[in-house]
Amino acid sequence: MDLLNTLVDKGLRRESPTRDEALAVLATSDDDLLDVVAAAGKVRRHWFGRRVKLNYLVNLKSGLCPEDCSYCSQRLGSTAGILKYTWLKPDEASEAAAAGLAGGAKRVCLVASGRGPTDRDVDRVSETIRTIKDRHEDVEVCACLGLLSDGQAERLREAGADAYNHNLNTSEATYGDITTTHTYADRVDTVNKAHAAGLSACSGLIAGMGESDGDLVDVVFSLRELDPDSVPVNFLIPFEGTPLAKEWNLTPQRCLRILAMVRFVCPDAEVRIAGGREVHLRTMQPLALHLANSIFLGDYLTSEGQAGRADLEMIADAGFEVEGADQVTLPEHRVSAAGGCGSHEGAGCGSQAEAGCGSQAEAGCGSHEGAGCGSHAAGGCGSHEGGGVCGTASAPEPAANEARTDLVAVRRRGAGTDLAPNA
């Protein structure tokens with residue numbers, strides 16, 4: 001296919017595709033899907049080899065957010081049954097981070113719900129960063145605290161933060177449809193503040209909110225212009241109790257095409273599969289590793305993820321390897337230009353990537369509510385015609401984009417609980 005040959009050539013040269021070419025990737029047929037994955041995989045391997053970076057989320061403060069982001073389980077007015085707790089103490093956060101590092105993560109993403117941090121909040125997070133760094137010298141730390149005020153990014157960097165995450169989420173044209181309590185421009189400003197402070201910038205998107213192909217292409221081209229080191233791609237988890245609870249628009253094939261498009265537009269950036277990969281990619285997750293070079297290990301902010309051991313087995317079975325703490329994630333030209341994360345030799349940070357809130361469908365909040373067997377729209381365990389047991393042959397096959405609330409579970413372990421985390 002001439003389109004794919006052209007996109008590979010451009011990706012290897014760090015040249016941007018045209019908008020029409022990006023749209024054409026999203027419009028490819030299922031018959032051509034493996035060709036699309038193979039082409040984008042060439043670009044991924046050129047810049048990142050067969051390494052997969054593991055990132056681990058620690059939710060420092062969960063729920064009770066005053067913002068009204070429609071996709072988020074922690075939003076104002078959300079009735080999702082998520083964990084709600086105030087700030088973790090530095091020792092608690094460090095213990096939570098240690099679980100992820102023991103599982104193979106090289107970056108810890110510290111996330112807190114809210115519009116943005118107060119100066120006292122920055123002091124609190126700075127103490128947490130120093131505590132983690134004292135105990136784990138080589139760890140990369142990314143903060144995701146919402147909109148930043150002047151001087152706050154600099155203070156986080158002084159405390160030892162390597163990166164800052166703040167997602168654009170969707171196109172500027174449609175941003176007002178999902179959030180009214182802050183603007184798209186506010187988000188761009190925070191990403192620029194992180195850049196200016198010498199932090200490695202991480203910014204990504206959420207797919208599956210009812211946006212058009214044009215909206216997806218627009219936000220990814222906006223991200224390319226902002227030039228973050230890491231681009232997390234979230235797939236909306238329609239959380240019961242949020243305005244987007246009925247938005248089940250994604251199929252595994254659609255998710256793979258989106259990841260391929262992001263890789264072609266941002267060829268040398270760390271592309272991370274963030275929230276929603278288990279819900280929407282499902283058994284196609286290993287194919288997505290040919291497109292993205294980074295994932296989250298274990299659970300997300302307010303939702304459960306795939307078991308950490310299963311993540312590691314998936315990576316190995318697909319022929320990839322976990323990126324070590326002594327390996328630099330970013331290509332050399334990005335490392336030398338970055339300044340912040342990834343600029344020091346041999347790195348721990350060096351990897352850029354980031355994660356931050358961008359996990360869970362979204363951005364800070366955004367986990368989804370769990371449902372068990374039988375909660376999906378098709379009826380559930382034993383409710384389909386003829387009776388039957390959940391999982392037996394008598395159960396009907398789900399439609400490609402049918403609501404799969406059976407794959408959604410609220411996080412009930414790890415940070416904010418007395419139970420061991422999933423890492």
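Trainee: Which residues does Val-122 touch, not counting residues up to four places away in sequence?
Mentor: The model is a predicted one. A contact requires heavy atoms within 4.5 Å. With residues up to four places away left out, the residues that Val-122 touches are Pro-117, Gln-152, Arg-155 and Leu-156.

Trainee: How far apart in space are Val-122 and Leu-156, C-alpha to C-alpha?
Mentor: Leu-156 is among the residues touched by Val-122. In sequence the two are 34 residues apart. Their C-alpha to C-alpha distance is 7.0 Å.

Trainee: Is Val-122 buried or exposed?
Mentor: Val-122 lies in helix 5, which covers residues 119-135. A residue counts as buried under 20% relative accessible area. Because the relative accessible area of Val-122 is 0%, Val-122 is buried.

Trainee: How many residues of helix 10 are buried?
Mentor: Helix 10 spans residues 252-265 and reaches 20 Å from its first C-alpha to its last, close to the 20 Å expected at 1.5 Å a residue. The helix is mostly covered. Of its 14 residues, the number buried is 13.

Trainee: What percentage of contacts between residues at least 6 apart in sequence join residues at least 24 apart?
Mentor: The chain contains 14 helices and 10 strands, and buried residues account for 60% of its 423 residues. Among contacts in the chain between residues at least 6 apart, the share joining residues at least 24 apart is 78%.

Conventions: Residues are numbered from 1 along each chain as its sequence is written. This is a predicted model: local features need pLDDT of at least 70, side-chain atom pairs count only at pLDDT 80 or more; totals for chains, interfaces and linings use all residues. Side-chain values use heavy atoms; hydrogens and water are left out. Helices (H or I, at least four residues) and strands (E, at least two) are DSSP runs, numbered from the N terminus. Buried means under 20% relative accessible area, exposed over 50%, partly exposed in between (1.4 Å probe, protein chains only). The expected span of a helix is 1.5 Å times one less than its number of residues.
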